[in-house]
Amino acid sequence: SLVLAIIQVVEGKAHNASGDLYEKLASCLSAPMVLILDNFETTWTAEGKQIEITDVLCRITSSAHIRLVVTSRIEVPPAEEYIAWSTVHLPTVTFSTARGIFLAIKPDTPPAEYGDLDMLLKELDGLPLAITLLAKLKQSWITCLELLDRWRDRKTSILKSESRSKSRLTSLDVSISLSLNSSVLNDEARELFSVMCYLPDG
């Protein structure tokens, strides 16, 4: 459950589900803290769980010393009828920021390759995860032009880190699949996305 997961993360140890979990939650959140619930759309869209989750969120936000940060891919904030969220929408990054991200990861990229790098970044369309994963693929013997050719040939399939376990942070395909498989999308929306993929910039 969400309550048990929060307790285990905050206290840094495993707990069983016995006893009053809400009492344990109140105890572990007794000190001032910033609590971050990342990728929350996965939890929020779980079937039949929204009433329980709304209750948990309301309990947390009722504490004046707790600052709750929720990140989500869905447009509508969770439990918005009960919680006055301060909403921040994150756009794709600017071109200069995209170049900064890439060069922060690979500062040894030769200036002579910046023209090819700019073409590569333009195709990534300001998506931070794609920029990060592609920068990590860049080795001293791989030029930006070669990376661009690989991207054009294989697209998202090359955008994964060397981590053995695939997740939304190590694979762009996994990240995209999480969005497409969300219960927020219906079959008509998924069909629309599949059609859009055939467009020149799809």
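**View 1. Ile6 and the residues around it.** Setting aside its neighbours within four places in sequence, Ile6 is in contact with Leu25, Leu35, Leu37, Val56 and Ile60. Keep in mind that this is a predicted model. Ile6 is also one of the residues that touch the most other members of the largest nonpolar core, along with Leu25, Leu57 and Ile60; that core has 22 residues. Who supplies it? At least two residues each come from helix 1 (2-11), helix 2 (21-28), strand 1 (33-37), helix 3 (40-44), helix 4 (50-61) and strand 2 (66-70). Helix 1 gives the most, with 5 residues. Apart from this core lies another one, made of 16 residues, including Leu103, Leu121, Leu124 and Ala130.

**View 2. Glu113, a buried residue in a loop.** Look for Glu113 in the loop between helix 5 (95-105) and helix 6 (114-124). Glu113 counts as buried because its relative accessibility is 13%, and buried means under 20%. Its side chain reaches the backbone nitrogen of Cys144 at 2.9 Å. Not counting residues up to four places away in sequence, Glu113 touches Lys138, Thr143 and Cys144.

**View 3. Two cysteines, Cys58 and Cys144.** Which of the two is buried? Cys144 is, with a relative accessible area of 0%, whereas Cys58 counts as partly exposed at 25% relative accessibility.

**View 4. Salt bridges on helix 6.** The structure holds 4 salt bridges, and here are a couple of them. Asp118 and Arg99 meet through their side chains at 2.8 Å, N to O. Asp118 sits in helix 6 and Arg99 in helix 5, so this pair ties together parts that are 19 residues apart in sequence. Arg99 counts as partly exposed, at 25% relative accessibility. Next comes Arg152, which forms a salt bridge with Glu123, the closest N and O atoms being 2.7 Å apart. Arg152 belongs to helix 8 (residues 144-154) and Glu123 to helix 6, so the pair ties together parts that are 29 residues apart in sequence. Arg152 is partly exposed at 45% relative accessibility, and Glu123 is partly exposed at 30%.

**View 5. Lys49 meets Glu52.** The side chains of Lys49 and Glu52 come together in a salt bridge, 4.0 Å from N to O. Lys49 is partly exposed at 39% relative accessibility, and Glu52 is partly exposed too, with a relative accessible area of 30%.

**View 6. Thr43 and Ser72.** Thr43 lies in helix 3 and counts as partly exposed, at 29% relative accessibility. From Thr43 to Ser72 is 29 residues in sequence and 9.8 Å in space, C-alpha to C-alpha.

Methods: Residues are numbered from 1 along each chain as its sequence is written. This is a predicted model: local features need pLDDT of at least 70, side-chain atom pairs count only at pLDDT 80 or more; totals for chains, interfaces and linings use all residues. Side-chain values use heavy atoms; hydrogens and water are left out. Buried means under 20% relative accessible area, exposed over 50%, partly exposed in between (1.4 Å probe, protein chains only). A nonpolar core is a set of buried Ala, Val, Leu, Ile, Met, Phe, Trp, Tyr and Cys residues joined through side-chain atoms within 4.5 Å. Helices (H or I, at least four residues) and strands (E, at least two) are DSSP runs, numbered from the N terminus. Contact means heavy atoms within 4.5 Å. A polar contact is a pair of N or O atoms within 3.5 Å; within protein, one must be able to donate a hydrogen and the other to accept it, and residues adjacent in sequence count only if both atoms are side-chain atoms.
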